[in-house]
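Hi,

Here is the structure I said I'd pass on.

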Amino acid sequence: MRKGILERLNAGEVVIGDGGYVMQLERRGYVKAPHFTPEAAVEHPEAVRQLHREFQRAGADVLQTLTFYSSDEKLQISGNVTDITGTQINEAACDLAREIANESDALVAAGVSQTPVYPVNRNQAEVKAIIQKQLDVFKRKDIDFYMVEFFKHVEEAVWAVEVMKAGGKPVGATLCISPQGDKDGTPPGECAVRLVRAGADMVGINCHLDPLTCVRTVKLMKEGLEKAGLKAHLIVQPLGFHTPECNHSGYTTLAEYPFAMEARAMTRWDMQKYAREAYNAGIRYIGGCCGFEPYHIRALAEEMSPERGVLPAASDKHGLWGAGLATYGASFMTERACREYWENLLPASGRPNCPSMSRPALK
Ligand SMILES: [Zn+2]
């Protein structure tokens, strides 16, 4: 019997999350921007299996189902597929995550995200009906816990938590908001309180902003919970990109989004710094979102290896802080086999005319 998510967190364990699926699968040719719907679960199951397996090998303790935006309403707006239903995608995605999770002791988290009806009419019954339809599938499948993620408005996230809570499994809830609060101006602390009062067992932040900004936002959530005398586990699953100039609006407002984000990619060493900051902030569920590749997850697992007492399988091909480089026969390489080298390096972009913050390409 594998230990459940709350059992692990209640025991003080550090749980490593997985990384971004839809953005990574877009790059690999299986997901279409700008809607990023997850029909790949039905169309290209082998691509989804492979990415699950890579995150797991990199140290992820949780595999999230590829169910981002998988409602019929969103599929219809996207125009990406006409012959595949949200239910078919949700079923296939649950089976794929379970199949790969069973290759280790990873847990399966089934996720729901913001609905297309909320921005139109903020209709609670319509939002809940969409989420309920996804939950109906999840309940028929072997799922360990639920993740309510990528909500810009705490109000909609609260409705989603209320629906998912009835599924009888632990619920995590992460908003894609900044330290300034949600889209309605609700401060992070108050957002956290509302999510926990609605039934969330774990709360935090995912996507939209760089790791250290997301950690700051989770800290504000934690303070809000403490003031209200509430307890919940904390989650952070940020972008794998540097976003210094959009710390309130989110990465979709960057000129480079979504097809020229590469120069902003974080290194594995940036990720180690992030994992340590998250841990020091009291966050114990530490993962990633868009821009996170398997090697970024491995970096989180390596940074947390003293606390976790274990290294992921993928570290066999790495070695802590570049230790694997020590076997090379020349000093220019062997002197890089240490923490000091990588921790102090300022990597260049290699682009002479590339500013550190973007300028809009169009006026
Ligand atoms: Zn994301």
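Below is what I found in it, starting with confidence and then going site by site.

Keep in mind that this is a predicted model. The protein chain has a mean pLDDT of 96, with 99% of its residues at 70 or more. For the complex, the predictor reports an ipTM of 0.98 and a pTM of 0.97.

Which residues hold the zinc ion? Its donors are the SG atoms of Cys207, Cys289 and Cys290, at 2.2 to 2.3 Å. Along the chain these donors follow the spacing C-x81-C-C. Cys289 and Cys290 are both buried.

His208 sits in the loop between β6 and α11, and it is buried because its relative accessible area is 6%, where the cut-off is under 20%.

Next, the helix pairs. The axes of α12 (residues 268-280) and α13 (residues 294-303) come within 8 Å of each other and cross at roughly 45 degrees, so α12 counts as oblique to α13. Their crossing is right-handed. On the α12 side the contact involves Arg268, Met271, Gln272, Tyr274, Ala275 and Arg276, while α13 brings in residues including Tyr295, His296 and Arg298.

Met266 is worth a click while you're there. This residue lies in the loop between β7 (233-237) and α12 and counts as buried at 7% relative accessibility. Leaving out residues up to four places away in sequence, Met266 touches Pro211, Leu239, Gly240, Phe241, His242, Met271, Tyr295 and His296.

Thr87, Asn90, Glu91 and Cys94 of α6 meet Lys133, Gln134, Val137, Phe138 and Arg140 of α8.

Also in α6 (residues 86-101) is Arg98. Is Arg98 buried or exposed? At 9% relative accessibility, Arg98 counts as buried. Its contacts, not counting residues up to four places away in sequence, are Arg2, Ala106, Val108, Asp142, Ile143 and Asp144.

Then there's α10 (residues 188-198), a mostly covered helix with eight of its 11 residues buried. Among the buried ones are Cys191, Val193, Leu195 and Val196. The cover over the buried residues includes α9 (154-165), β5 (171-175), β6 (202-206) and α11 (211-227). Just after α10, Gly199 takes a positive phi of about 125 degrees.

The peptide bond from Ala33 to Pro34 is cis, with omega near 5 degrees, and Pro34 lies in the loop between α2 (22-27) and α3 (40-43). Trp321 has a positive phi near 50 degrees without being a glycine. You'll find Trp321 in the loop between α14 (305-308) and α15 (331-334), where it counts as buried at 13% relative accessibility.

Happy browsing!

Conventions. Residues numbered from 1 in each chain as written. Predicted model: local features only at pLDDT ≥ 70, side-chain atom pairs only at ≥ 80, totals over all residues. Heavy atoms only, no water. Donors = N, O, S within 2.8 Å, 3.2 Å for Na, K, Ca; no water. Buried < 20%, exposed > 50% of the residue type's maximum accessible area, 1.4 Å probe, protein only. pLDDT = per-residue confidence, 0-100. Axes fitted to C-alpha atoms, helices over the stretch in contact; angles between N-to-C directions. Helix = DSSP H or I, 4+ residues; strand = E, 2+ residues; numbered from the N terminus. Parallel < 35°, antiparallel > 145°, perpendicular 65-115°, else oblique. Left-handed = near helix turned anticlockwise from the far one by under 90°. Contact = heavy atoms within 4.5 Å.
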